[in-house]
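User: I'm new to this structure and would like to learn how to read it. Could you walk me through its strands and its surface?

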Amino acid sequence: LYFMKKYFVILAAIASLSLSVNAQGRGSFFVGGTAGIGYTDYFEFALEPIFGYEIKDWVAVGAGLGITVAAGGQASAVVGVAEPFVRFTPWHNNLVYIDLKATAGFGFNDELLTTQIGVRPGIRFRVTPNCDVAADLGLFGAQCNDSDWRPAFGISGTSVGLWVAYRF
């Protein structure tokens, strides 16, 4: 829990900094999220609201804070998810944006269960001047379960995400 308290203090500091920058007429806030449902060996439902701040056209900071519910057989689990990120946009035109999202993800219930760090490539489409639809296409980095770090390269069912965001 001490780790999570530090995480929320950092998010509060980023939010207060972005509020002061936005008051000066720069950048824009965005809110949105993703939801998913699936079944492999167990049923899984995930909901992750995201919020952030676009500092410039090519860089944004934010976080996703959500929940995943998994159930199968006699077992079930509810896991909290926290994923702070910095998004870089090396190329875009008026409608399509290519993104690289540096991220650190944490899954927890009473204790920290999983950790992942890396870069998520993605593509965003500007549907309206204030609305984006996007896809994260994999994870290139490392994952840890029970103190066992291993490489995480490529696209899998758990590393692809679709989301929608509204800028204001």
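This is a predicted model: local features need pLDDT of at least 70, side-chain atom pairs count only at pLDDT 80 or more; totals for chains, interfaces and linings use all residues.

User: How do S5 and S6 pair, and over how many bridges?

Analyst: Strands (E, at least two residues) are DSSP runs numbered from the N terminus, and two of them pair if DSSP finds at least two bridges between them. Here, S5 (residues 96–108) and S6 (residues 112–128) pair in the antiparallel sense over 13 bridges. The link from S5 to S6 is a hairpin of 3 residues.

User: Which other strands does S6 pair with?

Analyst: S6 runs antiparallel to S8 (residues 139–145), with 6 bridges, and antiparallel to S7 (residues 131–137), also with 6 bridges. Between S6 and S7 there is a hairpin with 2 residues.

User: Now the surface. Which residues form the negative patch?

Analyst: Patches gather residues with over 30% relative accessible area and no salt bridge, joining like charges within 9 Å and nonpolar side chains (Val, Leu, Ile, Met, Phe, Trp, Tyr) within 5 Å. Areas come from the Shrake-Rupley method with a 1.4 Å probe, and for residues only the protein chains shown count as cover. A salt bridge puts a side-chain nitrogen of Lys or Arg within 4 Å of a carboxyl oxygen of Asp or Glu. Asp and Glu count as negative, Lys and Arg as positive, while His and chain ends are not counted; each charge is placed at CG of Asp, CD of Glu, NZ of Lys or CZ of Arg. In this model, Asp110, Glu111, Asp146 and Asp148 form the negative patch. Glu111 lies in the loop between S5 and S6.

User: Is Glu111 buried or exposed?

Analyst: Buried means under 20% relative accessible area, exposed over 50%, and partly exposed in between (1.4 Å probe, protein chains only). Glu111 is exposed, because its relative accessible area is 53%.

User: What forms the nonpolar patch?

Analyst: Ile37, Tyr39, Phe43, Phe45, Leu47, Ile67, Val69 and Val78 form it, with about 750 Å² of accessible area together. S1 (28–39), S2 (43–56) and S3 (59–72) each supply at least two of its residues, and S2 gives the largest share, 3 residues. Phe45 is in S2 and counts as partly exposed, at 34% relative accessibility.

Notes: Residues are numbered from 1 along each chain as its sequence is written. Side-chain values use heavy atoms; hydrogens and water are left out. Helices (H or I, at least four residues) and strands (E, at least two) are DSSP runs, numbered from the N terminus.
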